[in-house]
Amino acid sequence: EIMATPYTQVLPLPRHQHFPKPNPISKTVINDRYFENHPLVLLIDKCQSIKQLKQIHAYMLRIGLFSDPFSASKLIEASSLSHFSSLDYAHKVFDEIPQPNLFSWNALIRAYSSSQDPIQSILMFVNMLCEGREFPSKFTYPFVFKASAKMEALRFGRGLHGMVVKGREVGLDVFVLNSLIHFYADCGCLDEAYLVFENMQTRDVVSWNTMILGFAEGGYADEALKMFHRMGEENVRPNDVTMMAVLSACGKKLDLEFGRWVHAFIKRNGIRESLILDNAILDMYMKCGSIEDAERLFHKMGEKDIVSWTTMLVGYARAGNFNAARSILNTMPSQDIAAWNALISAYEQSGKPKEALSVFNELQLIKKAKPDEVTLVCALSACAQLGAIDLGGWIHVYIKKQGIKLNCHLTTALIDMYSKCGDVEKALEMFDSVNIRDVFVWSAMVAGLAMHGRGKEAISLFLKMQKHKVKPNSVTLINILCACSHSGLVEEGRAIFNQMENIYGIVPGVKHYACLVDILGRAGELEEAEELINNMPVTPGPSVWGALLGACKLHGNLELAEQACNRLVELEPENHGAYVLLSNIYAKSGKWDEVSLLRKRMRECGLKKEPGCSSIEVHSIVHEFLVGDNSHPQSQKIYAKLDEIAARLKQVGYVSNKSQILQLVEEEDMQEHALNLHSEKLAMAFGLISVAPSQPIRIVKNLRVCADCHAVAKLLSKLYNREIILRDRYRFHHFKEGNCSCKDYW
């Protein structure tokens, strides 16, 4: 079909152009570029579409020009690296060449290294070595290193490094060594990257830029800035790419003063200005919290793109100025999906999931824009925060209907959403349905089992993960230690913690120590927990002292609780939770004078207890209740239901747990009334009114559920024959037929 179409219909050539047939190539002809000036070969560079290229391919086959290695390699180059490239077509053409030259191999290796399937680049390289006709050059290695970095193939990359060292001339090439530095930096091996840099006989500005950017993106901002200073000492002139790397380091270090100096340095030294560099300065100012500097630069910028507008939007949102962020979105010349994602993500990460979902709904209903993978991940995270399983399930169905391919990001978000919405079985079903699972997918499922008190299953999955050759990361270890904590698996938790460095190669951090303190504390091993804290190789953080304080509340150790609270307040003076926990311990012991003193101290410091808030989703609408709330439209029915509940509880002989009353309330009936107004009880009453009997009542509490509400939920599940799933700040509580799956820690 291609050969039947006259080339003159699409190519600007005379209608009767005659292409000479090539003379048979003598065995004595060595020149690989024999036909480089042939009209068809010259025409390849003028192609504007794959259709034109295919027509030239057809004529090359007709006149026998395709058998010339150089001519065939030009066809490979155009089909794999041009703006209209087609890798599938390029590979098919390549497979038809009897003896492809090095140029052809390099073209495909390069093209695949930038594709979505970089493993093909590595396979092409290996095939070239196996055939043995061509050997890698300085134009081969950089792109194989690039593919290896994308695949995080550290072992393979190290093997390539060995080949480069043995290659003498290749081993001295700056282009090759720069790509090697980039490979090690991308794989997180900054020591090895720096060693290559130090051993280079000749460095160019790209060498310095690669090393500075490697340090900046690897979380070593100080080292990046030191490299920049050293660059000046060695009289290497920085360029715009250098400055972008340095600005990135300033943003990560939150060093506004040096960031301003860098901005002035750019102007003073005539560094080539560009939109990309302006955006990097803008981003630095926003990350360092200087909205004024960012606004000043933004208004001076002659040219702005979507990155400029989105940077301002995200900066305002991070600063909590959502009105300004929304204003930026409304005034943007073009609102692409990235801008909407930025606002949805900002709301979600700022603990405003309802607002995030509101913007998500607006995006679909009003703007009629199609959400992408990032939008869906952010929306699922917001659903997880709210416990909005109906909307989360709708998003899952949407993904299926739209034929969106599930990658590890979406899979992780779905598992997290179902787990946090109380349906761990659905999360497990999601986990089992996918074939590709990275460390984040496994970690999310371990966390899901942990928060539902299924510690032994979490450990079993953790072991299965290792059998599948997936290496646990720091977060995985935190999740499995939490599983041990919530399920009372003390010995298992202690063993996993002790194996962290030797078996998993992870040095325990503050959060891992906090988990072990929590495991020991819940089990009543307070002395061991205190000894562990005193012998920590790192400074105990707020999470460590918070875990100890929580254990002291559980076991009534007042003396140790006071010590833990004092240390916690030293680290976080505005942590109202520490005062509340100690106040709870005093109240439980009847020490009301101490409670009053603590309350007075909180008032003097301007601290307020976070109000209890419980939410419940009914027909895809999330309803929120505060303590003693009467703002709900069905408030009258809710309080009538509460009276009915109280009467039925009295009939079965239930007595309220008045140790949970943190105010000094002497009258018996007032104490009971105060307990009945807890937000989770209001949510349970509304659930009994509104949720179909066949469906579980799912409630999310922002604080820890109190012992009285826990006991009431257990009884209500029996009295009303309902399944109640209650998620508090720390874990899930499943109530069914008067039983609770969780272990009582009150």
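Colleague: What percentage of the 746 residues in the chain is made up of buried residues?

Modeller: This is a predicted model, and in it buried residues make up 51% of the 746 residues in the chain. The chain holds 39 helices and six strands, and its C-alpha trace spans about 110 × 60 × 55 Å along the principal axes.

Colleague: Why is His 396 called buried?

Modeller: The word buried applies under 20% relative accessible area, and His 396 counts as buried because its relative accessibility is 7%. His 396 has its place in helix α23, residues 389-401, and, leaving aside residues up to four places away in sequence, His 396 touches Leu 414, Tyr 418 and Met 430.

Colleague: How do you know whether Asp 728 is buried or exposed?

Modeller: Its relative accessibility is 5%, and since the cut-off for buried is under 20%, Asp 728 therefore counts as buried. Asp 728 sits in the loop between β4 (724-727) and β5 (732-736), where, not counting residues up to four places away in sequence, Asp 728 touches Lys 701, Leu 703, Arg 704, Val 705 and His 733. Phe 135 is 593 residues apart from Asp 728 along the chain, and the C-alpha atoms of the two are separated by 62 Å.

Colleague: What makes Ser 656 count as buried?

Modeller: Ser 656 has 13% relative accessibility and so counts as buried, the cut-off being under 20%. Ser 656 belongs to the loop between α36 (635-651) and α37 (668-676), and while Ser 656 and Cys 709 are 53 residues apart in sequence, they are 9.2 Å apart in space, C-alpha to C-alpha.

Colleague: Why are α12 and α14 called roughly parallel?

Modeller: The axes of helix α12 (residues 205-217) and helix α14 (residues 240-253) cross at roughly 15 degrees and come within 9 Å. Angles under 35 degrees count as roughly parallel, and α12 and α14 are therefore roughly parallel to each other. Their crossing is left-handed. The residues that meet include Val 205, Asn 209 and Ile 212 in α12, and Val 241, Thr 242 and Ala 245 in α14. By class, this contact of α12 with α14 has eight nonpolar, three polar and two charged residues.

Colleague: What makes α3 roughly antiparallel to α4?

Modeller: Helix α3 (residues 69-81) and helix α4 (residues 87-95) have axes that cross at roughly 160 degrees and come within 8 Å. That angle makes α3 roughly antiparallel to α4, because the term is used over 145 degrees. The contact is made by Leu 75, Ile 76, Ser 79 and Ser 80 of α3 together with Leu 87, Tyr 89, Ala 90, Val 93 and Phe 94 of α4. Sorted by class, the contact of α3 with α4 has seven nonpolar, two polar and no charged residues, and the crossing of α3 and α4 is left-handed.

Colleague: How do you know that α28 and α29 are roughly antiparallel to each other?

Modeller: α28 and helix α29 (residues 490-504) pack at an angle of about 165 degrees, with their axes 9 Å apart. Over 145 degrees the term is roughly antiparallel, and α28 and α29 are therefore described in that way. The crossing in which α28 passes α29 is right-handed. Leu 477, Ile 480, Leu 481 and Cys 484 in α28 meet a set of residues in α29, among them Ile 496, Phe 497 and Met 500. The residues of the contact of α28 with α29 divide into eight nonpolar, one polar and one charged.

Colleague: Why is Lys 469 called exposed?

Modeller: Exposed means over 50% relative accessible area, and Lys 469, with 76%, is therefore exposed. Lys 469 is found in the loop between α27 (455-467) and α28 (474-487), and its phi is near 65 degrees, a positive value in a residue other than glycine.

Colleague: What makes Leu 254 exposed?

Modeller: Leu 254 has a relative accessible area of 55% and is therefore exposed, the cut-off being over 50%. Leu 254 lies in the loop between α14 and α15 (256-268), and the phi of Leu 254 is near 60 degrees, a positive value in a residue other than glycine. Most residues other than glycine have a negative phi.

Conventions
Residues numbered from 1 in each chain as written. Predicted model: local features only at pLDDT ≥ 70, side-chain atom pairs only at ≥ 80, totals over all residues. Heavy atoms only, no water. Axes fitted to C-alpha atoms, helices over the stretch in contact; angles between N-to-C directions. Helix = DSSP H or I, 4+ residues; strand = E, 2+ residues; numbered from the N terminus. Parallel < 35°, antiparallel > 145°, perpendicular 65-115°, else oblique. Left-handed = near helix turned anticlockwise from the far one by under 90°. Contact = heavy atoms within 4.5 Å. Nonpolar A, V, L, I, M, F, W, Y, C, P; charged D, E, K, R; others polar. Buried < 20%, exposed > 50% of the residue type's maximum accessible area, 1.4 Å probe, protein only.
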